[in-house]
Amino acid sequence: MRLILLGPPGSGKGTQALRLVSKYGIVQLSTGEMLRAAVAAETPIGLQAKDIMANGGLVPDELVVGIISDRIEQPDAKKGFILDGFPRTVPQAEALDELLKRKHLKLDAVVELRVNESALLERVEKRAEETRARGEEVRVDDTPEVLTKRLAQYRSLTEPLIHYYSERRKLLTVDGMMTIEHVTREINRILSAIGAVEPKTAPARKATAAARKTARPSGKKAAKTAKKASKAAPKGRKAASRKIGKAAPASQRRAVGKAKKAAQKTVRKVAKKVTKKRAKR
């Protein structure tokens, strides 16, 4: 599964990325972290980026794409990844498309967390007030002033990506103003709906299906055998009854024949005696 999470600062991309990483065993790829890792490892691209960063310049897109290219080749990214902080512009998105095409990989989805900017500002103001009430120092980048600047930058540079990925039918929009749990459930639901991931219970269902498939032939065989036996049973009963029927009348007939013969003999004897007595008279 290969994803991009889009959304303005404060929309909850970081929280949802961590949850996706935990659930699906994929990795979160942050361009900032990847740049620092490449510089520390002194890779060819890292060394080029180091010189540029040391002079206070912005690392060009081609170098960032090169770092991403090296990173997604590593074993832990084989299951998939979430890109964090890249692409930020349409040219970067086009460069990413070319990279994935060369590697014969596809981007499964771009999930946009849509939020209300006014609500985000209110949220930051409230958080800043709570931090001050606890006697803690408010982070420099966690103030309404800084957020306002970052939101303006997002609108001018990154928001065009929504149209870019929508045209390519990759964009999936989620209401980022829902609770964290609701946003997580909705992201998982739409990823399952588009076939980007399998439901967690899929292995169990596959095992059950396989077991049924294995058991089916023997089950059918047993059913056929039982059917044959049930058909054979009445035949056997009929045959047996016919045999019994034939045997019983034969013995009866013999007994009746003997009785008739005995009766006939008795009648003849009596008749002879009567005849003899009449002759003497």
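Angles under 35 degrees count as roughly parallel, over 145 as roughly antiparallel, 65 to 115 as roughly perpendicular, and the rest as oblique. The model is predicted, so local features require pLDDT of at least 70 and side-chain atom pairs pLDDT 80 or more, whereas totals for chains, interfaces and linings use all residues. Residues are numbered from 1 along each chain as its sequence is written, and side-chain values use heavy atoms, without hydrogens and water.

**Exercise 1.** Determine how helix 1 and helix 9 are oriented to each other.

*Solution.* Step 1: helices are DSSP runs (H or I, at least four residues), numbered from the N terminus. Step 3: the axes of helix 1 (residues 13–24) and helix 9 (residues 180–193) cross at roughly 55° and come within 11 Å. Step 4: helix 1 and helix 9 are therefore oblique to each other.

**Exercise 2.** Classify the aromatic pair found in a search of the whole structure, and state whether Y164 is buried or exposed.

*Solution.* Step 1: rings of Phe, Tyr and Trp (its six-membered ring) pair if their centres lie within 6.5 Å; planes under 30 degrees apart are stacked, over 60 edge-to-face, and the rest tilted. Step 2: the search finds one pair. Step 3: Y164 and Y165 lie 5.0 Å apart centre to centre, with 85° between the planes, and the pair is edge-to-face. Step 4: buried means under 20% relative accessible area, exposed over 50%, and partly exposed in between (1.4 Å probe, protein chains only). Step 5: Y164, at 7%, is therefore buried, and Y165, at 1%, is buried also.

Technical notes
Axes are lines fitted to C-alpha atoms, for helices over the stretch in contact, and angles run from 0 to 180 degrees between N-to-C directions. Helices (H or I, at least four residues) and strands (E, at least two) are DSSP runs, numbered from the N terminus.
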